[in-house]
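Please read it alongside the sequence and coordinates.

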Number of protein chains: 2
Amino acid sequence: MSKDYPATGGAGGPGGIEILIGLLSKLPGLGPRSARRAALFLLKRRESLMEPLARALMETSANIKTCSICHNLDVNDPCAICTSPKRDRSIICVVEEVGDLWAMERVASFSGLYHVLGGALSALDGIGPDDLAIGNLVRRAASDDVSEVILATNATVDGQTTAHYIADVLADAGVTISGLAHGVPVGGEIDYLDEGTLAAALKARKKL
Amino acid sequence: MSKDYPATGGAGGPGGIEILIGLLSKLPGLGPRSARRAALFLLKRRESLMEPLARALMETSANIKTCSICHNLDVNDPCAICTSPKRDRSIICVVEEVGDLWAMERVASFSGLYHVLGGALSALDGIGPDDLAIGNLVRRAASDDVSEVILATNATVDGQTTAHYIADVLADAGVTISGLAHGVPVGGEIDYLDEGTLAAALKARKKL
């Protein structure tokens, strides 16, 4: 009976709840305590949630591929966006992660193509240009179809460093390079805004 | 491209990330946003986390049984606690849920047996005595081995109602019925304590 005691009086082995809790606690947003709660929640809903989740994990792991063109995740390679006849092939939006691509798609106001870098340059984490999908992006930008590259990396130091680096690399590619506008978030309150955003919004002020 | 758009340009079907995110978002502690994050986190760690988690869910779902004596969860029925020769068979600690049993075991200062009710009486949620494992408890308490029943239900209205109900039911069973002490939590600060706890601690004050 140790402090890690989760469940079964030490009866581990196959089907051990300890293993399940340990794996669940590795998910972002779940600590040891919430992993225990999630495990119990699942054990109460075996047929309606636990087994479907196990199957979904297995199938997704087996079926989801990384698109060889834009590095999006999809059941097909190339992905549904890269192969869609409805997308504007002249604009490529560069994002750090697949989650950023999903966020852009939820907005539903961009109809071009994407390029997922797989992260951002970071001296601290030892991530250099060779660790990101930048060479691939340069080749795509050199194609005749492409007229604009939108750099939609995060507005963090690493994200902006990455954007500047890519802008330099693409300087001779003959494409327009643009970035997302900075400013007051829609619905945002001035009083709660950080100084950097407020300064950027002020600098980029527009005539009404 | 709807607001629910999570991943693949509408390419659902087998292996669809949407399904996985939907299932993950049903776990306690994970909302839609953190479920998306968890799904991406898993897809980046297929061999080290995603597939082991799928297997652990499958195996746990298949192997874990509810103990027919105390309603604990274990790979064996009766569970490791009920069959352990090291446990004191004269004391039964009554808890609402398996998670409470785990919490008691982590403390490692109780060596008796347990009885998991499967919830608490609740007029609001329509949970009556027949929905809980109370009949089973009465039969266990009537056994000659048992001399004490500790009611360790939650210190909530429902938990305390349940404790009083069980104390009534067991009144003629010839066993000592006890409850957990109320008082100042160890390490707790008086200033931050609720009035109910403070009143209980004052009432149960001890000579030093």
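The points below are grouped by topic.

The model is predicted, and the predictor assigns the complex an ipTM of 0.79 and a pTM of 0.78. Two helix contacts are described, one within chain B and one joining chain A to chain B.

**Confidence**

- Chain A has a mean pLDDT of 88, with 93% of its residues at 70 or more.
- Within chain A, strand S4 (residues 113-116) has the highest confidence, at 96, and helix H8 (residues 195-203) the lowest, at a mean of 85.
- The pLDDT falls below 50 over residues 1-5 of chain A, a stretch with 11 contacts in the model beyond near neighbours in sequence.
- Residues 7-15 of chain A are also below 50, and this stretch has 24 such contacts.
- Where pLDDT is low, predicted coordinates should not be read in detail.

**Helix H1 against helix H2 in chain B**

- The axes of H1(B) (residues 17-24) and H2(B) (residues 32-43) come within 8 Å and cross at roughly 125 degrees.
- The two helices are therefore oblique to each other, and their crossing is right-handed.
- H1(B) contributes B:Ile17, B:Leu20, B:Ile21 and B:Leu24 to the contact, while H2(B) contributes residues including B:Pro32, B:Ala35, B:Arg36 and B:Leu43.
- By class, this contact has 10 nonpolar residues, 1 charged residue and no polar ones.

**Helix H1 of chain A against helix H3 of chain B**

- H1(A) (residues 17-24) packs on H3(B) (residues 46-63) at an angle of about 145 degrees, and the axes are 9 Å apart.
- The crossing of H1(A) and H3(B) is left-handed.
- On the H1(A) side the contact residues are A:Ile17, A:Ile19, A:Leu20, A:Leu23 and A:Leu24; those of H3(B) include B:Leu49, B:Pro52, B:Leu53 and B:Thr60.
- This contact comprises 10 nonpolar residues and 1 polar residue, with no charged ones.

**The sheet of chain A**

- S3(A) (residues 91-95) and S5(A) (residues 148-151) pair in the parallel sense over 4 bridges, and A:Ile91 has A:Glu148 of S5(A) as its bridge partner.

Notes: Residues numbered from 1 in each chain as written. Chains lettered and ligands numbered in written order. Predicted model: local features only at pLDDT ≥ 70, side-chain atom pairs only at ≥ 80, totals over all residues. Heavy atoms only, no water. Axes fitted to C-alpha atoms, helices over the stretch in contact; angles between N-to-C directions. Parallel < 35°, antiparallel > 145°, perpendicular 65-115°, else oblique. Left-handed = near helix turned anticlockwise from the far one by under 90°. Contact = heavy atoms within 4.5 Å. Nonpolar A, V, L, I, M, F, W, Y, C, P; charged D, E, K, R; others polar. pLDDT = per-residue confidence, 0-100. Pairing = 2+ DSSP bridges.
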